[in-house]
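Okay, thanks for coming, everyone.

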Amino acid sequence: MGFGRGKVILLGEHAVVHGCPAIAVGIERGVTAEAETSERDLLRLSPWDLSLAPDLDGDEPLERAFAVALAMYPSRPSLEVNVDVDLPAGAGLGCSAAIGVAVLDAIDEALGLERSRTDLATAALAWEKVFHGNPSGIDNTMSAVGGVALYRKGDALRPLHSNKPLHLVIGYSGEPSSTKEMVASVGRQLENDPKRVNKALEGIEVLVRNAKLAIEAGDHVALGQLLDLNHTILSSLMLCTTKLDEMCQTARRAGALGAKMTGAGGGGCMFALAPKHDEALRLRDLLGRGSFVAEVSA
Ligand code: MEV
């Protein structure tokens with residue numbers, strides 16, 4: 001069975017596209033896939049009742065990504081890959097990257113090939129590029145490798161260690177968003193107003209560096225404050241929605257140590273940092289449909 005986990009970016013999304021570090025966690029929920037030899041190449045995605053043949057020129061990104069993935073295996077039989085997705089799509093939890101990782105992992109298994117999860121992450125970047133054009137690589141890396149880690153484009157992933165687990169509550173706004181469009185929007189803002197946007201990116205980098213220390217020291221009160229500040233900077237880049245802001249406010253008022261949007265923004269998910277597991281369960285109920293708790297050990 002191939003598996004690609006979902007991810008939550010704790011701090012540093014968007015800035016990571018422009019070379020700054022970011023901190024992310026891999027979560028248990030994700031995508032599973034199974035591949036078997038078949039009469040023709042086919043990608044089936046059960047939650048959406050989709051059956052797609054690979055097509056490099058297809059309209060559907062999944063058709064193109066599947067063609068890119070198959071091209072990585074020069075001599076192979078025809079393959080049918082069945083995918084089960086347990087993540088909301090277009091929600092900032094790395095769904096497209098997790099599908100890519102799971103599909104490649106499943107094909108490796110079907111063909112009896114072995115490679116490390118780091119190499120799998122590198123291979124899945126080609127899949128992710130079909131969807132986002134200019135991905136930083138954080139989604140496919142966290143999907144394949146997991147844990148709690150500091151990621152910077154071009155550098156080896158740096159796992160972070162702490163003796164205190166993170167009690168995260170992920171809330172879904174129900175608003176779909178496009179990573180490609182949100183990344184392009186920040187790119188345009190950077191071009192039009194480099195002084196303002198570079199200041200924002202530098203601010204995020206400082207928060208990420210402090211958050212690394214806070215995680216390692218188990219100081220979740222400080223970490224929560226850094227999350228709130230990162231949310232404010234992302235708002236200034238017009239990446240938040242009223243709904244995401246409201247959800248973050250609700251979580252903070254109800255005792256979260258901090259809350260922020262996560263991923264590309266413009267909709268999708270937010271998360272809150274809870275002080276304890278039972279508080280996380282209470283916040284989950286408050287944040288409503290689609291919310292879930294992720295306990296993450298660094
Ligand atoms: C998307 O999950 C995170 C972004 O920073 C894009 C990327 O890093 O490729 C918005």
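So, how far does a polar side-chain atom of S136 lie from an oxygen atom of the ligand? It's 2.5 Å. For polar contacts, the cut-off here is a pair of N or O atoms within 3.5 Å; within protein, one has to be able to donate a hydrogen and the other to accept it, and residues adjacent in sequence count only if both atoms are side-chain atoms.

Some housekeeping before I go on. This is a predicted model, so local features need pLDDT of at least 70 and side-chain atom pairs count only at pLDDT 80 or more, while totals for chains, interfaces and linings use all residues. Residues are numbered from 1 along each chain as its sequence is written, and side-chain values use heavy atoms, with hydrogens and water left out.

Back to the ligand. 13 residues surround it, and the closest are K7, H14, V16, S136 and D139; to be on that list, a residue needs a heavy atom within 4 Å of the molecule. K7 has a side-chain N or O atom 3.0 Å from a ligand oxygen. H14 comes in with its backbone: an N or O atom there is 2.9 Å from an oxygen of the ligand. Taken alone, the ligand exposes 300 Å², and the protein buries 97% of that. Those areas are Shrake-Rupley with a 1.4 Å probe, and for residues only the protein chains shown count as cover.

H14 sits in the loop between β1 and β2, and its phi is near 70°, a positive value in a residue other than glycine. Most residues other than glycine have a negative phi. Is H14 buried or exposed? Buried, with a relative accessible area of 5%. Buried here means under 20% relative accessible area, exposed means over 50%, and partly exposed is in between.

Compare that with M238, in the loop between α7 and α8. M238 also has a positive phi, near 60°, but at 55% relative accessibility M238 counts as exposed.

By the way, the element labels are DSSP runs numbered from the N terminus: helices are H or I with at least four residues, strands are E with at least two. β1 is mostly covered, with nine of its ten residues buried. Eight bridges join β1 to β2, and the two run antiparallel; R5, for instance, stands opposite G30 in β2. Two strands count as paired if DSSP finds at least two bridges between them.

β2 also pairs with β6, antiparallel again, through four bridges, and I23 has L150 as its bridge partner there. On β6, V148 and L150 point one way, A149 and Y151 the other, and all are buried. Then β6 and β7 make a hairpin with six residues between them, and G154 in the turn has a positive phi of about 90°. In that pair, A149 is partnered with P159.

What about α4, residues 138-145? Seven of its eight residues are buried, so the helix is largely enclosed by the rest of the structure. D139 is one of those buried residues, and you'll remember D139 from the list of residues closest to the ligand. The buried residues of α4 pack against β1, β2, α2, α3 and β6, where contact means heavy atoms within 4.5 Å. Just after α4, G146 takes a positive phi of about 75°.

Over in α2, have a look at D108. D108 counts as buried, at 4% relative accessibility. Its side chain makes a polar contact with the side chain of Y73, at 2.7 Å. Not counting residues up to four places away in sequence, D108 touches Y73, L113, R115 and L120.

Last stop, the other sheet I wanted to show. Four strands form an open sheet in the order β9-β10-β8-β11, with antiparallel pairing. β9 and β11 stand at the edges with a single partner strand each, so one side of each is left without a neighbour in the sheet.

Methods: Buried < 20%, exposed > 50% of the residue type's maximum accessible area, 1.4 Å probe, protein only.
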